[in-house]
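Please look over the sequence and the model shown here before reading on.

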Amino acid sequence: MAQQFVASRKLFEEARKYIPGGVNSPVRAFGAVGGEPLFIKQGKGCRIWDEDNNEFIDYVLSFGPLILGHAHPEVTSSLRSALDKGTSFGAPTRWESTLARMICEAIPSMDMVRFVNSGTEAVMSAIRLARAFTHRDKVVKFAGGYHGSSDGLLAHAGSGATALPDSQGVPSSYIQHTLVAPYNDLSYVESLLKAYPEEVAAIIVEPVAANMGIILPQPKFLPGLKELARRSGALLIFDEVVTGFRLAYGSVQTLYHVSPDLICLGKVIGGGLPVGAYGGRREIMEMVAPSGPVYQAGTLSGNPLAMSAGITTLKILQEPGVYQKLEEMASHLTRGLSKEAREADVPVFLSRAGSMLTVFFTDQEVTDYETARSSDLKLYASYFHHLLNEGIYLPPSQFEAQFLSLAHGEDEIEITLRAARKAFREL
Ligand SMILES: *Cc1c(COP(=O)(O)O)cnc(C)c1O
């Protein structure tokens, strides 16, 4: 099927007049794969429709939040009833405590949680809190790890231990306290902690990396980080904005048996509405204003619409077998993709955690940002466009995860595998 993108092209032209690059978040612009973004007018279940009425099976799912698929009837009906009661009060509502209790009950290490409006804000606030709690300034992050677009974390490794800004407009003084280590490299982290004794406030990590493509933590990595943090007096922060309630009901700590001091959440817990959250041990969280001296606030934080979409989403995720179903479908898809690539003689490295996966176009094993970057980005772009033309909507970058939802079924997996077979052979 040859897709026509006439309406999208026109809308993009219009958008670019008023919005930088025509988009409100850079990866949406298709810069990494070439071509122009599709303007989406509707979604239902695992499918989306663009403004030209092309239909796609969606594996982006708003970059992770939509674990139930688009416009889930229970989520939309809870939103409708919340909407009728007003959209924001700037005063506490019962919905906030309900979602907070559900989250704390699901995550053993989380006694208290504070809601914000995005993952970026959650991480920014958690770092402020870690600094206040430890009376230290430095933060260790990992190359290729994404923690939102706040100044202090838009940094990559320079020569030696000095970080360099990832963006113009970030003063080097804002990242002088940011240290960058390779993912999965415990001895590097250990050397940083030795080089800056009693200066590191926190180690922040995506416990399963999802923003350089999916990269799994090696078995010793997370327990090792916990031990290094403990010994050096730093806090361990899991940035679970994408993994929280995506890989298991709650935190990945239940899968990896490592409990961090603080956890950042977002995406799934808002059921597709803007949300973020950070939480952890009571003694740390009680330092947040107004119970403590760490200031953090938000006009729309704990917004009733986001709270009700989140509550409904989590309730559905509590049903038995939900994560098992996601696991089985994603495993079927991954095995199929692997087979098709092999039969077409296209070297790929498939990386999967639960219902998120990445097809890296490389013959190397991908364990960190360095090895992820060995991927052939032109080949990914070509694969992306082949599948788009077959009605499969993949993430528009090699370094973004492909997500499944409970709305995907075996039929969609088969359609996707057929399209992938054709794509791999034509690459
Ligand atoms: C998406 C994401 C963020 C940022 O969340 P926003 O809601 O986009 O600000 C932070 N950390 C991780 C791991 C993410 O995947």
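## Surroundings of the ligand

A residue is called near a molecule or strand if one of its heavy atoms lies within 4 Å of it. By that rule the ligand is surrounded by Ser 118, Gly 119, Thr 120, Tyr 146, His 147, Gly 148, Glu 206, Asn 211, Asp 239, Val 241, Val 242 and Lys 267. This is a predicted model, in which local features need pLDDT of at least 70 and side-chain atom pairs count only at pLDDT 80 or more, while totals for chains, interfaces and linings use all residues. Residues are numbered from 1 along each chain as its sequence is written, and side-chain values use heavy atoms, with hydrogens and water left out.

By class, the shell around the ligand holds 3 nonpolar, 6 polar and 3 charged residues, where Ala, Val, Leu, Ile, Met, Phe, Trp, Tyr, Cys and Pro count as nonpolar, Asp, Glu, Lys and Arg as charged, and the others, Gly among them, as polar.

## Polar contacts and burial

A polar contact is a pair of N or O atoms within 3.5 Å; within protein, one must be able to donate a hydrogen and the other to accept it, and residues adjacent in sequence count only if both atoms are side-chain atoms. A polar side-chain atom of Thr 120 lies 2.6 Å from an oxygen atom of the ligand, and a polar backbone atom of Gly 119 is 2.8 Å from an oxygen atom of the ligand. In the side chain of Asp 239, an N or O atom is 2.7 Å from a nitrogen atom of the ligand. Taken alone the ligand exposes 380 Å², of which the protein buries 84%; accessible areas come from the Shrake-Rupley method with a 1.4 Å probe, and for residues only the protein chains shown count as cover.

## Helices that cross

Helices (H or I, at least four residues) and strands (E, at least two) are DSSP runs, numbered from the N terminus. Axes are lines fitted to C-alpha atoms, for helices over the stretch in contact, and angles run from 0 to 180 degrees between N-to-C directions. The axes of helix H10 (residues 322-343) and helix H13 (residues 410-426) come within 9 Å and cross at roughly 20 degrees. H10 is therefore roughly parallel to H13, since angles under 35 degrees count as roughly parallel, over 145 as roughly antiparallel, 65 to 115 as roughly perpendicular and the rest as oblique.

The axes of helix H12 (residues 377-389) and H13 also come within 9 Å, crossing at roughly 140 degrees, which means that H12 is oblique to H13.

## Two backbone details

Ala 289 and Pro 290 are joined by a cis peptide bond, with omega about 10 degrees, and Pro 290 lies in the loop between helix H8 (282-285) and helix H9 (304-317). Phe 30, in the loop between helix H1 (6-18) and strand E1 (40-44), has a phi near 70 degrees, a positive value in a residue other than glycine.
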